[in-house]
Amino acid sequence: MTRLTQADLEAARDRLLPDVVASGLDVLFCGINPGLLSAATGHHFARPGNRFWPVLHLSGFTPRQLKPSEQQELLSYGLGITNVVARATARADELSAEEYREGGRALEEKVGELRPRWLAVVGVTAYRSAFGEPKAKIGPQERTIGGSRVWVLPNPSGLNAHWSAATMAEEYARLRTAAAEE
């Protein structure tokens, strides 16, 4: 990958990152919003410290660890990626409460059209904010969104020190098992 400058990253601010989606996926993973590196490269979860790709493999969703540049390969495994908020920022705390709520409404429509079996929101705070569920916890949720079951997963950001890659992989594997049993 070409080394990006700070100016390249700043130029990606507010840019939209296309989803990796198809109808009828087994699991649609939903990040908070794209970071600047993801928006600049066009690849979800592109920051090297983000644990999404290693955890996806460790949990058994993919037979090998994919690189962000291989994100389209997810579709062959019945998986996809979208975000609660579409615009790129340097940090999730740059998003407003209204952006989360609006993102939740847009996500409901998207999920209703795509009909994945599971919507997996990666980040409990993002889920709580987008869907007005202040007491939600990691794991399967009671509610459905757009006809899809919902599972909240730990945020794979390297900043989420509460979860190691191994404990995250255990939680992601719980979802994989549930999705396989249906």
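Two strands pair if DSSP finds at least two bridges between them. Strands (E, at least two residues) and helices (H or I, at least four) are DSSP runs, numbered from the N terminus. This is a predicted model: local features need pLDDT of at least 70, side-chain atom pairs count only at pLDDT 80 or more, and totals for chains, interfaces and linings use all residues. Residues are numbered from 1 along each chain as its sequence is written, and side-chain values use heavy atoms, with hydrogens and water left out.

**Stop 1: the sheet**

Select β1 and strand β3 (residues 118-122). They run parallel, joined by 4 bridges. Leu 28 stands opposite Leu 119 in β3.

The open sheet has 5 strands in the order β2-β1-β3-β5-β4, with mixed pairing. β2 and β4 (139-145) each have a single partner strand, so one side of each lacks a neighbour in the sheet. From one strand to the next, the twist averages 30 degrees.

**Stop 2: the helices on the sheet**

Select helix α5 (residues 124-131). It packs on the sheet and touches β3, β4 and β5. Its direction makes about 25 degrees with that of β4. Angles run from 0 to 180 degrees between N-to-C directions, on axes fitted as lines to C-alpha atoms, for helices over the stretch in contact.

Next, helix α6 (residues 165-181). It lies across β1, β3, β4 and β5, running at about 165 degrees to β5.

**Stop 3: Ser 148**

Ser 148 is in strand β5 (residues 148-153). Its relative accessibility is 1%, so Ser 148 counts as buried (under 20% relative accessible area; exposed is over 50%, partly exposed in between; 1.4 Å probe, protein chains only). Its side chain reaches the backbone oxygen of Pro 116 at 2.4 Å. Show contacts (heavy atoms within 4.5 Å). Leaving aside neighbours within four places in sequence, Ser 148 touches Val 111, Arg 115, Pro 116, Arg 117 and Leu 119.

**Stop 4: the aromatic rings**

The structure holds 7 aromatic pairs. Rings of Phe, Tyr and Trp (its six-membered ring) pair if their centres lie within 6.5 Å; planes under 30 degrees apart are stacked, over 60 edge-to-face, the rest tilted.

Select Phe 29 and Phe 61. The pair is edge-to-face, 5.3 Å centre to centre with 85 degrees between the planes. Phe 29 is in strand β1 (residues 27-31), and Phe 61 is in the loop between α3 (52-58) and β2 (79-83), 32 residues apart. Phe 29 is buried at 0% relative accessibility, and Phe 61 is buried at 10%.

Move to Phe 45 and Phe 52. This pair is stacked: 4.1 Å between centres, 15 degrees between planes. Both residues are buried.

Finish with the cluster. Ring pairs link Phe 29, Phe 45, Phe 52, Trp 53, Phe 61 and Tyr 172.

Methods:
Polar contact = N/O pair within 3.5 Å; in protein donor to acceptor, adjacent residues only side chain to side chain.
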